[in-house]
Amino acid sequence: MIIMLSRLSRSAPRRSIASVVNVAKRQFVQPSGADRASVVELPSEYQDETHLSPRADMLGFKASIPKREDILSMKPRPIYLDMQATTPVDPRVLDAMLPYLSDQFGNPHSRTHAYGWESEQAVEDARKHIADLIGADQKDIIFTSGATESNNAAIKGVARFHKEKKRHVITTQTEHKCVLDSCRKLGEEGFDVTYLPVQKDGTIDLAQLEDAIRPDTSVVSIMTVNNEIGVIQPIKEIGALLRKHRGIYFHTDAAQAVGKIPLDVNEMNLDLMSISGHKLYGPKGIGALYVRRRPRVRLEPLLSGGGQERGLRSGTLAPALVVGLGEAARVAKREMTVRNALLIDMMRTAQDHARITELANRLITGINAHVEHVVRNGDVNGYPGCINLSFAYVEGESLLMALKDIALSSGSACTSASLEPSYVLRALGAAEDMAHSSLRFGIGRFTTEAEIDFVVQHIIRTVQKLRDMSPLWEMVQEGIDLRTINWSQH
Ligand SMILES: Cc1ncc(COP(=O)(O)O)c(C=O)c1O
């Protein structure tokens, strides 16, 4: 069967997600112009304040300066389901941080007075909380600016330190950009890098990993939870396999896993682990790198300077951020382990993982009950707070545009800026059109059932509406198998 493309003339030309998002963003941050005249006098605390937070009504392209009645009625902002991009700071974390932004301002490296000592104590307490969360010794935790820096420091650091004898690195095709780019840089420096493929469910094949190991392999870097599809790699099994090969260091990018699923560096035979503050309800701009001391992992530091953090990361620490990350780790551990917390606490937060699993099931069953041809990308047993769904016969950008009451991503924050379908979905073998129609639903500690119900209803209505306008969908309804069509251009 030959069908001319002109039959598709009713569908809008394909635009990139980036162009759609950019239009929305431009209109959202535009000064209000004529609308300013109608701004009702604001309460004094709002005078002269430009409010740019993305409320739904603003995304409807209205004024960016809020009206008094808007502030007072607190119109809802879009529902936030983008927890892999970042998580909100837990109020308990903020409380812990505040003193270190005011009275307790000492430099934690000042050894001669109380200001320094109290900051140092706070830093060491935070280090302990992080270590406790991953079963590590507190001396093995190095503070960094985030998981990007930790990944760079670990992969480049180990590879460069051992470069005289070893010049091979192994990673996977579905790592975060900062891991892939660190490896690309090593490639430019003369290292060989093996990028392992993944199976259809997104996990690696252990036999392929074993085959890839060479006598000159120095570091294997495999992420714990994938940021686009939530797939959990078999870290414990990988650790056991690598333990049989002496002299290979095992690093994991656990930015999306720490505080979400149980991790233990000893059980998993991990030598290095990257952690990010803002993915676990802590502040942005802070992270950590676990570096095993026994047996000692040697790495070449990225920075030269005062020799702080065991000489591995020079520079004055930011105690408020460090304390924030520490408190986020303490709270996360509590959320993971305390089943019989005080009733009031249970009602407020319950257990993160159990709640998020329930909400994810609610989302998936709610959508599946009313929308056909939805595919979940990646292993169904992945992390439930990251659900990646493809909606066949719907253009991703139209869907994203129509869902402006929901803050969502169409893949990773980085890939959504490019025209290319996500490299992670491509590595799974997803067809290009399915990769283009995918959305990532990031559920977190503060997501509510009511929000999920709203999202489900919104998705059902929107997908139906978009499909009703799609000639492809009409053909599918007529029973035409689209794979038998020989498309031609004229
Ligand atoms: C898996 C993964 N690794 C690393 C990073 C980078 O983390 P950070 O923002 O702390 O540098 C991210 C953030 O998106 C991530 O999802």
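Analyst: The account below begins with the basis of the values, turns to the ligand, and ends with the backbone.

The model is predicted, so local features are given only at pLDDT of at least 70 and side-chain atom pairs only at pLDDT 80 or more, whereas totals for chains, interfaces and linings use all residues. Residues are numbered from 1 along each chain as its sequence is written, and side-chain values use heavy atoms, with hydrogens and water left out.

The protein chain holds 17 helices and 14 strands; these are DSSP runs numbered from the N terminus, helices being H or I with at least four residues and strands being E with at least two. Of its 490 residues, 52% are buried, a term for under 20% relative accessible area, with exposed meaning over 50% and partly exposed in between (1.4 Å probe, protein chains only).

The shell around the ligand has 14 residues, of which Thr148, Asp253, Gln256, Ser276 and Lys279 come nearest; a residue is counted if one of its heavy atoms lies within 4 Å. Helix H6 (residues 147-161) provides the largest share of this shell, three residues. By class, the shell divides into four nonpolar, eight polar and two charged residues. Here Ala, Val, Leu, Ile, Met, Phe, Trp, Tyr, Cys and Pro count as nonpolar, Asp, Glu, Lys and Arg as charged, and the others, Gly among them, as polar.

A side-chain N or O atom of Lys279 lies 2.7 Å from a ligand oxygen atom. At Ala147, a polar backbone atom is 2.9 Å from an oxygen atom of the ligand, and for His176 a polar side-chain atom is 3.3 Å from a ligand oxygen atom. The ligand taken alone exposes 400 Å², and the protein buries 86% of that; these areas come from the Shrake-Rupley method with a 1.4 Å probe.

Turning to the backbone, most residues other than glycine have a negative phi, and most peptide bonds are trans. The bond from Arg294 to Pro295 is cis, with omega near -10°, and Pro295 sits in the loop between strand S9 (287-291) and helix H10 (319-337). Asn269 has a positive phi, near 55°, in the loop between strand S7 (249-253) and strand S8 (272-276). Asn269 counts as buried because its relative accessibility is 18%. His373 also has a positive phi near 55°; its loop joins helix H12 (352-370) and strand S10 (374-376). With a relative accessible area of 37%, His373 is partly exposed.

Note on methods. A polar contact is a pair of N or O atoms within 3.5 Å; within protein, one must be able to donate a hydrogen and the other to accept it, and residues adjacent in sequence count only if both atoms are side-chain atoms.
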